[in-house]
Structures are given as structure tokens and as C-alpha cells.
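Have the structure open as you read.

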Amino acid sequence: MRILLTNDDGIHAEGLASLERVARTLSDDVWVVAPEQDQSGYAHSLSISEPLRLRKIGEKHFAVRGTPTDCVIMGVKKILPCAPDLILSGINSGANIADDVTYSGTVAGAMEGALLGIRSIALSQGYSTVGEDRVVPYETTEALAPALLKKLVATPLPDGVLLNVNFPNCLPEEVVGTVVTSQGKLVHSLWVDERRDGRGLPYYWLRFGREPVEGKQGTDLYALRNRLVSVTPLQLDLTAHEIRDQLSKALA
């Protein structure tokens with residue numbers, strides 16, 4: 001099995017090295033094509049207004065100056081000798097659940113793989129903060145992902161479906177189990193933070209705040225808060241099929 005790895009935290013991210021160790025429990029034919037720099041929050045974006053720069057940093061390891069989507073395209077269309085059997089994206093530093101899925105470059109890497117007709121799985125690890133430091137227990141994903149991935153790879157999926165897997169912020173032995181979930185719902189509070197540079201000119205940061213949310217049972221939010229691994233099937237078809245007839249009647 002040929003496996004292509006990518007991420008959105010960048011080619012030198014600790015989570016990517018962790019993912020490679022996971023992938024090598026499944027196959028010896030592992031390729032890494034990841035962004036040169038952090039691309040968190042770039043979602044499913046393409047670089048179409050500037051060229052893509054490619055740098056080989058080791059055997060079967062390449063850095064692309066572009067987005068996770070660019071990396072998957074370059075890997076499949078240019079770098080690998082033939083298309084991979086599996087694409088793994090991650091391990092992201094932080095969960096990608098609920099509405100965050102729409103912003104996630106990690107999920108987008110798997111999304112591009114699904115568009116190309118390749119089985120694709122995004123993996124993310126919850127974390128905590130100690131002071132100003134982020135503490136990410138990648139050992140949880142490393143311990144649990146190999147057996148889980150073997151089951152997921154062996155499970156048939158329809159075209160246009162990818163899997164979004166999130167591991168809770170706890171040690172491996174503290175994980176209660178694994179559940180199949182749906183996307184939860186967060187309450188975002190987004191504001192623009194205005195600052196001044198050294199010349200007194202304004203610049204801006206987008207900042208997020210979140211109101212406390214009690215995730216409903218069956219959602220990815222509920223799973224992670226209860227120390228469960230969450231496996232969410234996502235589909236590329238964004239059509240709201242349940243209101244098509246209603247719209248058709250309204251336009252008749």
C-alpha cells in the first residue's frame with residue numbers, strides 16, 4: 001500500500017513526524033508532501049496566483065510552498081510515481097471538529113484526496129495549554145491510530161466521502177473508546193483586533209472566542225469531551241437535499 005502524508009502545520013511539524021510513524025505501521029511505502037510553512041486555517045484553498053515551489057528535503061520527503069490542497073495535487077500529479085492508495089492528513093495540533101472543519105487545512109488535505117478518488121483520512125489531536133505553552137499528547141494518536149486505521153482502510157466507502165478522526169486530549173490509557181459521530185455546532189464570537197506597527201500605521205488580527213457549548217450526544221464535540229475517539233464521515237456533496245422540493249415548489 002502506497003501512502004501519501006500531508007498536513008497544514010508544515011513540513012517540520014511534530015505531528016507530521018508522529019503521523020509518519022503511524023503510517024509506517026501500515027506500509028513501508030510512505031511519501032511525505034507537506035507545506036513549507038504553517039497553513040492552518042487555509043481550508044480547501046488553491047495557489048493559483050503565484051507559482052508553487054518544490055523542495056526535496058529527504059528520501060520521499062518534499063516541501064511545497066503552498067497549501068495542503070496544493071501539496072496533495074503535487075504529490076498525486078507530479079511527485080509520486082503513481083497515485084497513492086491512501087492519503088493521511090495530520091496529525092493536526094488541535095481538534096478539527098464541529099464548525100472548525102470548514103476552516104481546517106488538515107481536513108482539506110483529505111478532501112482533495114477524496115476529490116481525486118483516493119481514500120483519505122484526516123487525523124487531529126486535542127491539546128491543553130500550560131501557561132503560554134501548548135501540550136499536545138501525540139502519543140495518544142500514535143498508540144491508537146494504527147489499529148483504528150487498519151479497520152477504516154478495510155471498510156468500503158462511497159465515492160466523495162472522507163473520514164475525519166479526532167483523538168481526545170488525554171493519555172492513551174484514559175481513552176474510553178471509539179465512536180462514529182456527526183459534526184457538532186460551536187458558537188463563535190469573531191472580532192477584529194486593531195493594533196499599530198512601529199510607524200503608527202494600523203494592522204489587524206482576526207480573533208476567535210467561543211461560548212461554552214454542551215455538545216449533543218452523538219456529535220464529535222460530545223465524543224472528545226468524554227474521552228472518546230471521534231470518527232466522522234464527511235461528504236463532498238454540500239447540497240441541502242432535504243429542501244430541494246421546497247425550493248422547487250417556491251419557484252414553480
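Let's begin with Ser124, which sits in strand E6 (residues 119-125); helices (H or I, at least four residues) and strands (E, at least two) are DSSP runs, numbered from the N terminus. The model is a predicted one, in which local features need pLDDT of at least 70, side-chain atom pairs count only at pLDDT 80 or more, and totals for chains, interfaces and linings use all residues. Residues are numbered from 1 along each chain as its sequence is written, and side-chain values use heavy atoms, with hydrogens and water left out.

Ser124 has a relative accessible area of 0% and is therefore buried (under 20% relative accessible area; exposed is over 50%, partly exposed in between, with a 1.4 Å probe and protein chains only). Its side chain makes a polar contact of 2.9 Å with the side chain of Asn96. Such a contact is a pair of N or O atoms within 3.5 Å; within protein, one must be able to donate a hydrogen and the other to accept it, and residues adjacent in sequence count only if both atoms are side-chain atoms. Leaving aside neighbours within four places in sequence, Ser124 is also in contact (heavy atoms within 4.5 Å) with residues including Asn92, Thr106 and Phe167.

Asn92 brings us to an annotation. An unreviewed UniProt entry lists Asp8, Asp9, Ser40 and Asn92 under "binding site"; positions follow the numbering used here, feature names are shortened, and annotations may be inferred rather than shown by experiment. These residues span 85 residues in sequence, yet no two of their C-alpha atoms are more than 9.1 Å apart, so they gather at one spot.

Asp8 lies in the loop between strand E1 (2-6) and helix H1 (14-23) and is buried at 3% relative accessibility. A polar atom of the Asp8 side chain is 3.3 Å from the backbone nitrogen of Gly105. Ser40, by contrast, is partly exposed at 37%, and its side chain makes a polar contact of 3.2 Å with that of Asp9.

Finally, the charged pairs: the whole structure holds nine salt bridges, each a side-chain nitrogen of Lys or Arg within 4 Å of a carboxyl oxygen of Asp or Glu. Among them are these:

| Salt bridge | N to O distance |
|---|---|
| Lys60 and Asp29 | 3.1 Å |
| Arg227 and Glu174 | 4.0 Å |
| Glu194 and Arg196 | 3.0 Å |

Arg227 and Glu174 both lie in loops, and the pair ties together parts that are 53 residues apart in sequence. Asp29 and Lys60 also join Arg2 in a network of salt bridges.
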